[in-house]
Amino acid sequence: MKNKTAKYKYRILSVCSVIAVLFIWELVTDILHLISPMMLPSPAKVLNTLIYKLTGGVNPDGATLLQHIAASMKIALGGYTVGVLVGVPLGIAMAWNRKFEMFAKPLFDVIRPIPALAWIPLMILWLGIGYWSKVGIIFFAAFISATINSYAGIKRTSQVHLWVASTFGASKRQMLFKVAIPTALPMIFTGLRLALGSSWVALVAAELLAATRGLGYMIQVARMLGRPDVIIVGMITIGVIGYLLSTVLEKLQNKYVKGGK
Amino acid sequence: MESAAGNIADVLKCSHISKEFDSFDGTGKNLVLEDIDFSVKDNEFLVLFGPGQCGKTTLLNILAGLESPTKGEVVDHGKKVTAPAPERGVVYQKTALFPWLTVMGNVEFGPKVRGFKKEERKKIADHYIDLVGLKGFEKSYPSQLSGGMRQRVGIARAYSNNPSLMLMDEPFGHLDAQTRYMMEEELQRIWQKEKRAVVFVTNNIEEALFLADRIILMTNCPSKIKKEYIIDLPHPRSYVDPEFLRLRREITENMDKSM
Amino acid sequence: MESKTSRFMRKNMAAFMTIVAFMSLLLVWELVARFTNAGMFLPPASEIISKFVESFTVPIGKHRMLVHIGVSLYRVGVAFIFATIAGIFLGVSMGYSKTVEAIIKPIFEFIRPIPPLAWIPMSILWFGLGDQSKFFIIFLGCFCFITVNTYDGTKNVDHVLLGAARMLGASERQVFFRVVLPSSIPYIFAGLQIAITAGWSAVVGAEMVRSDEGVGWLIVMGMTNGNTVQIMVGMLAIGIVGYILATAMAKLEGRLCIWNQQQGI
């Protein structure tokens, strides 16, 4: 009983805190005019803009919010898919085959510390400012997380399990598919989740620098036009979608990957 | 010290303790301890022996002051127990050593937080590290020690506050059989050298008989006191002594077999 | 169990294969760049390496390479230090006090999924185009990771250890400073490790958007001028420094948390 009332108390405190922040924000902007609307628009204004952009408003950046979201998602998911399709098999292969590891790991280790953002100029120079250059940037963001985690997951396979499998006469191939990959599955999934997160971050950067549509483009244009309300709407949208993407993958992981952490 | 608690020689008096938890589904109550009533005499080695996992650790936590009973009270030297205190040293099942401190750091933790000067607490710690046979390992971290050695540190740490009562919660439960026998002998040796009242929880009858002055046999779920045995075999005891074996059979037959 | 000789062989084999890997990569790269049409986009590896070496003596833009690196490191360093202080403080308070947790967590959780670079437009409005705006972005990039990890660490303190400390006579204050804090240190370090990498990435991003010096500027200027060699030289520098930062952090953790080498019980 005591626990339950305590829980309620904290829940209420949380709600109050959010309301207080919104109230203070409204107070210093619309009501007291302490902060210029060019620096920080009021929450009411942001909400207005959000509704306007959601219900088909195209000003000031030439597209509705949903069109920007669609453009961003198309790029993010494209780059992510390619990155994962290359990264996961590469990680597994590097961890499973010694000779391949000795050859490929050092090369991978050279690419690994280069942030995905640092590929932007090269990609733009090579592929222009269209769809594929951004897919290329996001590819690197997703590819690195996917590879590292798959690699580490396979490396975690317990020697004892492999011994058990081999005493039952499992072939090398069966050991990979029946022992090593199942062992690695939770970590591979973690890799997929991290990869999606970094893809989304890289996407924003790529669109800030070179785009004609998309959420990153939207906030960049809004800055140049002096529309902070649109910037904040864009930031919130970016945050919410990023959060949703990681939550969906987490749910999938909890549902389909049993055992291990 | 005469008190409501009764007998002068009593260190700790545990009167009519019951403990309930909310059951996991939140609909009802689980009774884990029912009307536990006993006292611990000065310098007595008391073993709480019983099957299963139910209640014994909870009882020890209540004696230590880490948990409070639903009914009844614990009185230590005439004072009601409400919180953990240095007068009651605890040796934990999983050692609960501070992994970021060395052996020395762990053993001098008690005196340190109680404000002893550097030389004083070093002297105390040196003494107990020596007592438990860990001289030379002062600078090792717990992760570098074997299970038996970690438990020695745990014992030295509990001693470091010079408590009048030691509470030991299946301290050797995680050790392999060989180490366990050795640690039982070691604990007996240490205790003979620096006697304290001890409440020792175990589910191993040999361990109970090897160490105890008195055994309290407990039932399982809810835990109740079933019977008491005074064990006055001379130390060091032998696992194959006829009297030892007779007591072993007797207690085992009285044991609550339902798990 | 393998014999000493085969182990020796294997070790050398790995080194040998590494050399083979690099040699073949550089060779293929060199050949492709010199003798095919791809040379238009891909300068030869030798040119990049020699330009990289040269960049330490011949300035690119305003500065020589080390100064560019220094500028970027300075930006990361300042923001990282502030983020560490703020993140540990906030993480510990949220982990230790349920009231603080209830007040801060919903707001923090709302801000956390917004990538630091998405703050660039806002921070330019607030702080202008100078260093302040970059500090702010890098700070955000580091801060969230440090806070989350510290918070997890404080939340995950073993309750038996808390009981043990109280049993030994520690006051609540002592329990906090002598048990809660030290047992969170591995978590905090994990956070710092991620944060330094994220911070380095954020400085590159921030400098790419607006700057006239630093490693991010190097590559974005390369892009503007169509100078692929400069871009790749910059990327090489970014990769090397990023690697050094991550390694240094791991070394520091190893130094400060010797006790955590194996799983302690």
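**View 1. Helices H9 and H10 of chain C.** The axes of H9(C) and H10(C) come within 7 Å and cross at roughly 160°, where axes are lines fitted to C-alpha atoms, for helices over the stretch in contact, and angles run from 0 to 180 degrees between N-to-C directions. The two helices, H9(C) and H10(C), are therefore roughly antiparallel to each other, a label given to angles over 145 degrees. The model is predicted: local features need pLDDT of at least 70 and side-chain atom pairs count only at pLDDT 80 or more, while totals for chains, interfaces and linings use all residues. Residues are numbered from 1 along each chain as its sequence is written, and chains are lettered from A and ligands numbered from 1 in the order in which they are written. On the H9(C) side the contact is made by C:Val215, C:Leu218, C:Ile219, C:Met221, C:Gly222 and C:Met223, and on the H10(C) side the residues include C:Thr228, C:Gln230 and C:Ile231; two residues are in contact if their C-beta atoms, placed from the backbone, lie within 7 Å.

View 2. Helix H9 (residues 215-224) of chain C is mostly covered, with 9 of its 10 residues buried, that is, having 20 or more other C-beta atoms within 10 Å of their own, C-beta atoms being placed from the backbone. Among the buried residues of H9(C) are C:Trp217 and C:Val220. Their cover includes helix H5 (120-127) of chain A, together with helix H3 (65-96), helix H8 (172-209) and helix H10 (228-256) of chain C. Helices (H or I, at least four residues) and strands (E, at least two) are DSSP runs, numbered from the N terminus. After H9(C) comes C:Gly226, whose phi is positive, near 60°.

**View 3. The loop at C:Gly130.** C:Gly130 lies in the loop between helix H5 (120-127) and helix H6 (131-155) of chain C. With 11 other C-beta atoms within 10 Å, C:Gly130 is exposed, the limit for which is 12 or fewer. Its C-alpha atom is separated by 7.8 Å from that of C:Ser211, although C:Gly130 and C:Ser211 are 81 residues apart along the chain.

**View 4. The open sheet of chain B.** An open sheet of 4 strands in chain B has the order S2-S1-S4-S5, with antiparallel pairing; two strands pair if DSSP finds at least two bridges between them. Strand S2 (29-41) and strand S5 (79-80) of chain B stand at the edges, each with a single partner strand, so one side of each is left without a neighbour in the sheet. Strand S1 (residues 10-22) and strand S4 (residues 71-76) of chain B run antiparallel and are joined by 5 bridges, and B:Lys13 stands opposite B:Val75 in S4(B). Helix H1 (residues 56-64) of chain B packs on the sheet, touching S1, S2 and S4 of chain B, and its direction makes about 125° with that of S1(B).

**View 5. Strand S3 of chain B and its partners.** Strand S3 (residues 45-49) of chain B is largely enclosed by the rest of the structure, because 5 of its 5 residues are buried. B:Phe45, B:Val47 and B:Phe49 point one way from S3(B), whereas B:Leu46 and B:Leu48 point the other way. S3(B) runs parallel to strand S8 (residues 197-202) of chain B and is joined to S8(B) by 5 bridges, with B:Phe49 opposite B:Thr202. S3(B) also pairs in the parallel sense with strand S9 (residues 214-218) of chain B over 4 bridges, and there B:Arg214 is the bridge partner of B:Leu46.

Technical notes: Angles under 35 degrees count as roughly parallel, over 145 as roughly antiparallel, 65 to 115 as roughly perpendicular and the rest as oblique.
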